[in-house]
Amino acid sequence: MNLVLFDIDGTLVESYDFDTECFQAAVEDVLGVTVGPDWSRYKHVTDSGILAEVIDELDLKSDADRITTEVKEQFVSRVADYIACHDVAPISGAHEFLSQLIARENVTVAFATGGWSESARMKLVAAGINFSSIPLVSSSDHYSRTEIMRLAEKTAGIKHLDSITYFATALGIKRHLKHWDIILFQSEIAFPALNLFRIILKLMQPLNTLAYNQAKHGDSFSVAASPSLQSCACWRR
């Protein structure tokens, strides 16, 4: 049995740019400060992780709960307003690819995103990626991307998994480059559903390893390449 996890912004939905703008505006609305777009300076690059660090830097921890609630409300409202006025497109082939994965008996799928759950679900539905059977774990569940992934693994409810693969965008890699304890996928092109389907099947088998790095928690981190993808990285346990 193989678990396949997906980030959302830029991976399944063309939402990275407006999501970033909405988050920055929400923080500025409530706190009057500008954050980003260099997310690499933050330890936990998730909505709740970044906000927690900003609150700590401003020495506002005593008021953290109120601030978090207000920023989240502002952010979700801004995302809803954007979706109401603009078309939100899926990454080409994403819906077809997910459909093929769900149909496989040896694959279980989950969303593991650094965004808050309310906005994540809105973006998925707006882009026509509305799979109610796929569980979603988000920044609403934990501030750490790695813990979000571990929680997503638990949602599978499977005692033994042969592999775990996490897909994120090239932007995702740039944002998390120094955090090699997470799994990353990079593609310079949109989802070619059938080609990517073949790639995921290969990932579930021994990889032709081009580079190897030992993740800090002791798991294997391997990298492979293919003609249709610039690079592909998979954490296999």
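Biologist: Hi! In what order do the four strands of the open sheet sit?
Modeller: In this predicted model, the order is β3-β2-β1-β4, and the pairing is parallel.

Biologist: Which ones are the edge strands?
Modeller: Those are β3 (136-137) and β4 (163-167), and each pairs on one side only.

Biologist: How many bridges are there between β2 and β3?
Modeller: Two bridges, with the strands paired in the parallel sense. You can look for A112 there, as A112 stands opposite V137 in β3.

Biologist: Switching topic: which residues touch the most other members in the largest nonpolar core?
Modeller: That core has 44 residues, and F6, L12, L98, F111 and I129 touch the most other members. Several elements give two or more residues to this core, including β1 (2-6), α3 (64-85) and β2 (107-112).

Biologist: And which element gives the most to this core?
Modeller: That would be α1, with seven residues. Nonpolar side chains tend to be buried together in soluble globular proteins.

Biologist: What is I129 in contact with, leaving aside its neighbours within four places in sequence?
Modeller: I129 is in contact with L12, V13, P90, A94, H95, L98 and L124. Apart from that core lies another one, of 13 residues, among them A110, A112, M149 and A156.

Biologist: One more: where is S144 found?
Modeller: S144 is in the loop between β3 and α6 (145-156).

Biologist: Is S144 buried or exposed?
Modeller: S144 counts as buried, because its relative accessibility is 8% and the cut-off for buried is under 20%. Not counting residues up to four places away in sequence, S144 touches H44 and T46.

Definitions and conventions:
Residues numbered from 1 in each chain as written. Predicted model: local features only at pLDDT ≥ 70, side-chain atom pairs only at ≥ 80, totals over all residues. Heavy atoms only, no water. Core = buried A, V, L, I, M, F, W, Y, C linked by side-chain atoms within 4.5 Å. Buried < 20%, exposed > 50% of the residue type's maximum accessible area, 1.4 Å probe, protein only. Contact = heavy atoms within 4.5 Å. Pairing = 2+ DSSP bridges.
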